[in-house]
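Look at the sequence and the model below.

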Amino acid sequence: MFDFFSVLIPFLLIHTICDFYLQTDRWVEAKKARTYRSPELYLHATLQGVALLLPAMALGIDWRSTVCLIVIVAVSHFIIDLWKVTTPKGDKLAYFVIDQALHVSVLAAIAFHVADGASIEAVLQHERFSDGVLVVFAYLLILKPTSIVIGAVLNKYPIVNSAMDTDVVTDTDGVAGPVSDKTANVSGLVAGGELIGYLERLLILTFTLVGSYAAVGFVLAAKSIFRFGELNQSANRSMTEYVLIGSLISVVITTLIGALVSLGIDIKFK
């Protein structure tokens, strides 16, 4: 009898070890330079397949299924890695995420096939399935949709400063805000505010869903400390108020969503 997660977790462990610890930087560069002509590409794909002998033996999977498992994983890993190294922008984060998602999907499909009693109907009828969908929906909701809402609210509050001209200001929660003809001089990482806002909301929602509101206060305090120096030295009151409005809207929306989802999946508040 095999449980889905009892099969998938060892598979993922082997994948992580082989893909990130046993694969050297020299192998990665060789695959990029020579693509399908690189021996390292074939060696790495073979290693990914053969290494699964360990969990297959530990779980007691029969030898026919084990052979099929090794071949499927090795071939699929080769194809996915070849696609990645031949893509012009393969080093981008998006391609890394897609690459790993494809590898994990193959392992999940195999684990689903190996697991006894696993079926789409069984998954849909699982008592926690609706809770999982609700949590995923909450995480999706706090990212781009919340940024759009914050941006719409901040459209009513332009930043005013006579120092210099610019066209747009991005606040700490990653939304573009309106400015007057003369606005504040804002510097920083390109799209850094967006990433900060996303990370902040992810942390707040996670802490809310596990019922730890004290940790939410820690996130707010940490952000306030980092932002205090910049805002304290700013001669522009509009900029300070702009950042505070955006941050508070972000916190309020995320906390409310987290609280509602927590009530829906019966999480006890702490």
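Which side chains meet in a salt bridge of 3.3 Å, N to O? They are those of Arg26 and Glu40. A salt bridge here is a side-chain nitrogen of Lys or Arg within 4 Å of a carboxyl oxygen of Asp or Glu.

## Basis of the model

This is a predicted model, in which local features need pLDDT of at least 70 and side-chain atom pairs count only at pLDDT 80 or more, while totals for chains, interfaces and linings use all residues. Residues are numbered from 1 along each chain as its sequence is written, and side-chain values use heavy atoms, leaving out hydrogens and water.

## Salt bridges

The structure holds four salt bridges. Arg26 lies in helix H2 (residues 25–34) and Glu40 in helix H3 (residues 39–50), so their pair ties together parts 14 residues apart in sequence. Helices are DSSP runs of H or I with at least four residues, numbered from the N terminus. Arg26 is exposed at 55% relative accessibility, whereas Glu40 is buried at 14%. Buried means under 20% relative accessible area, exposed over 50%, and partly exposed in between (1.4 Å probe, protein chains only).

Glu29, Lys32 and Asp91 are linked in a network of salt bridges. Glu29 meets Lys32 at 3.9 Å, N to O, and Lys32 forms a salt bridge with Asp91, with the closest N and O atoms 2.9 Å apart. Lys32 lies in helix H2 and Asp91 in the loop between helix H5 (63–86) and H6, so this pair ties together parts 59 residues apart in sequence.

## A buried residue

Asp99 is found in helix H6. Asp99 is buried yet has no salt bridge.

How values were computed:
Helices (H or I, at least four residues) and strands (E, at least two) are DSSP runs, numbered from the N terminus. Lys and Arg count as positive and Asp and Glu as negative; His and the chain ends are not counted.
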